[in-house]
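Here's a quick briefing to read alongside the model. Have the sequence and the 3D view open as you go.

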Amino acid sequence: SANASLTHLESHENQLTSLDVSANASLTHLESHENQLTSLHVSANTALTLLSCNSNQLTSLDVSANTALTGLYCHVNQLDNLDVSSNTALTFLQCDGNQLDSLDVSGNTALIMLSCGNNFFTSLDVSSNTSLADLQCGGNLLTRLDVSSNPALTSLEGHNNQLTYLNMRNGVTDALTLFNATGNFLTCI
């Protein structure tokens, strides 16, 4: 709390149960993954560009004040809601392994990588994410997936969903370096 000029903090792979960064308004980089945090308040850290808080026990995460975020890694927690509508600069979002039943990324047009697998999504709209190169959405409850508006896509993992419809007409399917849609109900792609 006395380090007001601190810009970079890595406190990962410990057994921390709490972390107070409310007095560290200059933080741009916060990594506190693989701990035992049940809450993390970053509303005072408006300069954050990277937040890595994965593999904790977080049940909520409010990043609405963190509009400079370009990387958010909050996977493997217990989040049932994640609002990234204020985070329009995001290029990397990894929120897989939570309890999310929806995710609105329509305002995150700079996204290059979205990893949101192993949640409870029944739908996912990535039509606004034209820069998206890597989409990992396997292990959800998706019945439809349309990546026809994603011409930068080089990696798609949509396995173990309930897909009956997959639209890959983005003009660059030959550029895919990774594709997995096994464990679905697809008869035609």
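A quick word on terms: buried means under 20% relative accessible area, exposed means over 50%, and partly exposed is whatever falls in between (1.4 Å probe, protein chains only). This is a predicted model, where local features need pLDDT of at least 70 and side-chain atom pairs count only at pLDDT 80 or more, while totals for chains, interfaces and linings use all residues. Residues are numbered from 1 along each chain as its sequence is written, and side-chain values use heavy atoms, with hydrogens and water left out.

**The sheet**

- Strands here are DSSP runs (E, at least two residues), numbered from the N terminus, and two of them pair if DSSP finds at least two bridges between them.
- Nine strands make up an open sheet with parallel pairing, in the order E1-E2-E3-E4-E5-E6-E7-E9-E11.
- The edges belong to E1 (8-10) and E11 (178-180); each has a single partner strand, so one side of each is left without a neighbour in the sheet.
- On average, neighbouring strands of this sheet are turned by 10° against each other, direction ignored (axes are lines fitted to C-alpha atoms, and angles run from 0 to 180 degrees between N-to-C directions).
- E1 runs parallel to E2 (residues 29-31), and three bridges join them. Leu9 has Leu30 of E2 as its bridge partner.

**The core**

- A nonpolar core is a set of buried Ala, Val, Leu, Ile, Met, Phe, Trp, Tyr and Cys residues joined through side-chain atoms within 4.5 Å.
- The largest one has 42 residues, and the members touching the most others are Leu51, Leu72, Leu82, Leu93, Leu103, Leu114 and Leu135.
- Contact means heavy atoms within 4.5 Å. Leaving aside neighbours within four places in sequence, Leu93 is in contact with Leu72, Leu82, Val84, Leu103, Val105, Leu111, Met113, Leu114 and Ser115.

**Buried loop residues**

- Val147 sits in the loop between E8 (144-146) and E9 (155-157), and counts as buried because its relative accessibility is 0%.
- Not counting residues up to four places away in sequence, Val147 touches Val126, Leu135, Leu153, Leu156, Asn167, Met168 and Asn170.
- Val147 and Leu166 are 19 residues apart in sequence, with 7.8 Å between their C-alpha atoms.
- Asn66, in the loop between E3 (50-52) and E4, is also a 0% case and so is buried.
- With residues up to four places away in sequence not counted, Asn66 touches Val42, Asn45, Thr46, Leu48 and Asn87.
- Asn66 and Asn77 are 11 residues apart along the chain, and their C-alpha atoms are separated by 19 Å.

- Asn81 is in the loop between E4 (71-73) and E5 (92-94), and its 51% relative accessibility makes it exposed.
- Glu13, in the loop between E1 and E2, counts as exposed at 52%. Its phi is near 60°, a positive value in a residue other than glycine.
- Asn160 lies in the loop between E9 and E10 (165-167) and is partly exposed at 45%. Phi of Asn160 is positive too, near 55°.
- For context, most residues other than glycine have a negative phi.

**Rings**

- Arg144 has its charged end over the ring of Tyr165, 4.0 Å from the centre (the test is NZ of Lys or CZ of Arg within 6 Å of the ring centre and within 35 degrees of the ring normal).

Notes:
Helices (H or I, at least four residues) and strands (E, at least two) are DSSP runs, numbered from the N terminus.
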